[in-house]
Amino acid sequence: MEVRARAPGKIILTGEHAVVHGSTAVASSIDLYTYVSLHFSTPSDDVDLLKLQLKDVALEFSWPISRIRAAFPESAGQLTSTPTSCSVENAKSIAALVEELNIPEAKIGLASGVSAFLWLYSSIQGFKPATVVVTSELPLGSGLGSSAAFCVALASALLAFTDSVSLDLNHKGWLSFGEKDLELVNKWAFEGEKIIHGKPSGIDNTVSAYGNIISFKSGNLTHMKSSVTLKMLITNTKVGRNTKALVAGVGERMLRHPEIMAFVFSAVDSISKELASILRLPSPDELSVTEKEERIEELIEMNQGLLQSMGVSHATVETVLRTTLKYKLASKLTGAGGGGCVLTLLPTLLSGTVVDKVIAELESCGFQCFIAGVGGGGVQISFGVSS
Ligand SMILES: Nc1ncnc2c1ncn2[C@@H]1O[C@H](COP(=O)(O)OP(=O)(O)O)[C@@H](O)[C@H]1O
Ligand SMILES: C[C@@](O)(CCOP(=O)(O)O)CC(=O)O
Ligand SMILES: [Mg+2]
């Protein structure tokens with residue numbers, strides 16, 4: 001028996017970084033997914049290994065189960081219903097296991113993902129031999145929440161066969177979790193995201209778990225029903241970066257200029273609240289769709305200015321902003337910044353010719369553009385017989 005989980009990536013419409021410091025942010029799932037499949041070895045397989053295949057980066061790792069057992073405390077695998085943080089001691093054991101893998105320097109960012117895997121696997125499943133395969137439609141380390149989608153899909157697959165969740169194992173096709181089970185998946189995913197991000201706000205794993213558009217503040221989520229269908233162009237600058245380092249950089253700026261940064265975060269909070277209220281306004285009673293889009297564009301521009309003041313923009317992001325501005329389109333970075341992806345709102349009445357032109361110009365700079373479906377469902381799982 002095999003279980004497969006798929007969890008969506010996300011875009012942050014407003015509020016990244018500030019959300020780590022308690023401001024409101026608004027985010028939406030996108031229709032690009034990370035898939036995790038889990039297959040337990042049977043005694044007849046005669047293998048006593050835990051295998052992790054990371055297809056997107058063409059790497060495969062394996063550990064003898066005895067090595068995992070020696071690295072973790074006896075309590076591993078006993079605590080599925082109580083998500084636990086990785087202690088300093090366990091982090092040291094994980095670091096030793098990861099170091100032995102000799103991950104190539106160019107792919108060292110993966111070490112945190114492998115560490116999150118080891119923590120979630122040993123905590124939820126303990127010491128069972130298995131093969132876990134990960135594939136993703138998301139670019140990794142680009143601001144579209146690949147780390148959260150990875151943790152949510154992984155936590156879902158790992159929890160699926162435990163008594164902590166109640167699922168119909170005979171269900172055919174994709175299946176969603178019930179409310180309580182989803183909460184548990186989200187909490188475990190947050191523990192994994194902590195290992196990858198350092199100090200995550202929790203917005204990425206929450207939107208990947210629940211899907212749709214959410215407003216999020218200090219760990220609390222509000223589901224939103226938007227009256228505006230947002231069409232977003234996503235431009236990947238292809239400049240790789242690491243969320244943990246960027247979040248830490250903003251934290252240091254906050255320590256150096258606490259009063260100023262408090263104003264910046266408070267301004268972002270107001271921007272996200274205003275965005276949430278515009279998205280909620282009934283249409284077309286109070287504002288026409290075009291008027292709403294114009295206001296959203298202004299909020300996007302203001303949020304980008306504040307992200308610049310946090311020090312997380314990048315020369316390539318500025319190139320995207322300048323290019324889209326030529327076509328009177330508003331853009332902002334999304335996710336941690338420092339390169340990664342940029343969002344551009346494509347107003348409903350914008351002609352297809354203009355969209356084609358702006359995409360052609362951005363792609364001539366070496367960037368990659370795509371239009372993502374915004375606001376689909378959250379994580380799902382599917383049971384099957386493995387081949
Ligand atoms: N499909 C995947 N395969 C392996 N590792 C992954 C995958 N998706 C995410 N990761 C882990 O998450 C890291 C990227 O997370 P992060 O820096 O937060 O960027 P983002 O979440 O914006 O993509 C990767 O370096 C890796 O450790
Ligand atoms: C910068 C931040 O707000 C979002 C990071 O998103 P991503 O990992 O770049 O996709 C961090 C967080 O909220 O945990
Ligand atoms: Mg991330």
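Tutor: UniProt, in an unreviewed entry, places the feature "domain: GHMP kinase N-terminal" at residues 125-211 (positions are in the numbering used here, feature names are shortened, and annotations may be inferred rather than shown by experiment). In this predicted model, that span is 48% helix and 8% strand, and its end C-alpha atoms lie 26 Å apart. Helices (H or I, at least four residues) and strands (E, at least two) are DSSP runs numbered from the N terminus. Residues are numbered from 1 along each chain as its sequence is written, while chains are lettered from A and ligands numbered from 1 in the order in which they are written. Because the model is predicted, local features need pLDDT of at least 70 and side-chain atom pairs count only at pLDDT 80 or more, whereas totals for chains, interfaces and linings use all residues.

Let's turn to the packing. The largest nonpolar core has 108 residues, and Val 152 and Val 185 have the most contacts inside it. Helix 4 provides the largest share of this core, 12 residues. Domain 1 (2-223 + 376-384) and domain 2 (226-372) both contribute, so the core lies between them. Such a core is a set of buried Ala, Val, Leu, Ile, Met, Phe, Trp, Tyr and Cys residues joined through C-beta atoms within 7 Å; buried means that 20 or more other C-beta atoms lie within 10 Å of a residue's own, exposed means 12 or fewer, and partly exposed is in between, with C-beta atoms placed from the backbone. Leaving aside neighbours within four places in sequence, Val 185 is in contact (C-beta atoms, placed from the backbone, within 7 Å) with Val 152, Ala 155, Ser 156, Leu 159, Phe 177, Ala 209 and Val 379.

Now for the two domains, whose bounds come from an automatic or database domain assignment. Their C-alpha centres lie 27 Å apart.

The ligands complete the picture. Ligand 1 is surrounded by 24 residues, the closest being Gly 109, Gly 113, Ser 146, Ser 147 and Thr 243; a residue is near a molecule if its C-beta atom, placed from the backbone, lies within 6 Å of it. Helix 3 (110-124), strand 5 (130-136), helix 4 (146-160) and helix 5 each give at least two residues to this shell, which has eight nonpolar, 15 polar and one charged residues.

Ligand 2 has 17 residues around it, and Pro 200, Ser 201, Thr 243, Gly 335 and Ala 336 come nearest. Helix 6 (203-210) and helix 7 (243-256) are the elements that give two or more residues to its shell. That shell divides into seven nonpolar, eight polar and two charged residues. Ligand 2 lies between domain 1 and domain 2 because both give residues to its shell.

Notes: Ala, Val, Leu, Ile, Met, Phe, Trp, Tyr, Cys and Pro count as nonpolar, Asp, Glu, Lys and Arg as charged, and the others, Gly among them, as polar. Two residues are in contact if their C-beta atoms, placed from the backbone, lie within 7 Å.
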